[in-house]
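Dear colleague,

I am handing over the structure below, and my notes on its side-chain contacts follow directly after it. Please read them with the model open beside you.

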Amino acid sequence: MNLAIVILNWNGKSWLEQFLSNVIQHSAGADLYVIDNNSTDDSVEFLKAEFPEVSVILNTENHGFAGGYNNGLKQIKHEFYCLLNSDVEVTENWLQPVLQLFEKNEKIAAIQPKILDFNRREYFEFAGAAGGLIDNLGFPYCRGRVFENIEKDEGQYDDETEIFWASGCCFFIRSADFWAHNGFDERFFAHQEEIDLCWRLKNSGRKIFYTGKSTVYHVGGGTLNKQSSQKTFLNVRNNLSMLLKNLPFPKAFWILLLRFILDGFAGIYFGLKNGFLHFLAVIRAHFSFYAQVPGTLKRRQKNQISKFYQAKWLVFKNFLKS
């Protein structure tokens with residue numbers, strides 16, 4: 001099993017205490033690594049004392065999710081990576097279905113398992129659920145989760161199927177594909193970098209898959225709470241940059257134009273629902289996106305797939321219902 005399970009940590013000692021033993025118990029044959037993003041708690045000392053079998057890689061600063069993994073993974077030479085959040089509980093035999101799927105189809109670059117809610121164990125979890133999709137306006141959603149509407153797991157997604165993006169919460173990828181596409185876009189820092197990478201993989205003809213034969217449970221919000229205005233900022237900015245980078249012209253032009261309008265309404269909604277800082281976060285996100293435009297254009301690939309969505313106006317319709 002040429003697999004490295006890699007956990008990115010930043011001040012997450014409590015999550016490591018809670019979940020790392022579980023990962024070790026159910027991951028025989030895999031090598032375990034923790035990349036530490038310059039934590040200021042005693043995570044590293046705790047790991048060295050309690051889990052000497054886990055290799056620790058030290059980053060000299062907090063590079064975020066994207067840069068943290070990019071820097072740390074350079075030191076890990078395995079055929080497959082599993083990028084695993086520190087607040088995830090895995091289950092018995094969670095690795096085998098994923099590795100079998102990789103072996104079955106060489107065109108598959110990345111895979112995610114079924115992701116259920118650690119606290120409401122019969123329900124899908126927000127960050128990934130049963131595989132990521134995207135609608136015609138570039139809004140990401142999941143099978144089992146659209147906007148804030150989350151389904152109960154009743155076996156409806158026990159399949160193995162192609163998806164558009166795999167969740168960074170539990171993200172399996174061939175290392176060759178990761179590095180052939182230059183890893184994550186470090187300008188994203190955190191949020192939607194895995195969607196951007198999956199889109200670039202699909203633009204180059206690679207496939208992204210989901211398997212319902214493997215299950216993990218995710219707490220969610222372990223590093224950045226869902227109600228954080230910084231999370232709103234990162235999601236809005238990164239989504240716009242992802243669209244400009246990966247959509248074919250002229251489709252990118254009219255979709256971004258629509259998104260600018262819709263984001264205005266979204267900013268008002270977020271401000272009324274979550275507070276003025278969220279309204280400001282949407283404005284900041286747009287100005288940050290504009291500043292990134294030259295760099296984003298340079299990162300465009302030669303080929304962009306024209307059929308990128310699975311549903312029309314889906315997230316927007318659910319947003320109106322809310």
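In what follows, a residue is called buried under 20% relative accessible area, exposed over 50% and partly exposed in between, with a 1.4 Å probe and protein chains only. This is a predicted model, in which local features need pLDDT of at least 70 and side-chain atom pairs count only at pLDDT 80 or more, whereas totals for chains, interfaces and linings use all residues. Residues are numbered from 1 along each chain as its sequence is written, and side-chain values use heavy atoms, with hydrogens and water left out.

Salt bridges come first, each being a side-chain nitrogen of Lys or Arg within 4 Å of a carboxyl oxygen of Asp or Glu. The whole structure contains 17 of them. One joins D153 to K114 with an N to O distance of 3.1 Å; since D153 lies in the loop between β10 (149-150) and β11 (160-163) and K114 in strand β6 (residues 108-117), this pair ties together parts that are 39 residues apart in sequence. Helices (H or I, at least four residues) and strands (E, at least two) are DSSP runs, numbered from the N terminus. K114, which is buried at 5% relative accessibility, also forms a salt bridge with D158, where the closest N and O atoms are 2.5 Å apart. D158, in the loop between β10 and β11, is 44 residues from K114 and is partly exposed, with a relative accessible area of 41%.

A further salt bridge pairs K207 with E162 at 3.6 Å between the closest N and O atoms, linking strand β13 (residues 207-218) to strand β11 across 45 residues. K207 is partly exposed at 24%, and E162 is partly exposed at 34%.

Turning to the rings, Phe, Tyr and Trp (its six-membered ring) pair if their centres lie within 6.5 Å, and planes under 30 degrees apart count as stacked, over 60 as edge-to-face and the rest as tilted. The count by this rule is 22 aromatic pairs. Y81 and F178 are edge-to-face, 6.0 Å centre to centre with 85 degrees between the planes, and because Y81 lies in strand β4 (residues 80-84) and F178 in helix α5 (residues 175-180), they tie together parts 97 residues apart in sequence. Both Y81 and F178 are buried, F178 at 0% relative accessibility, whereas W179 is partly exposed at 31%.

With kind regards
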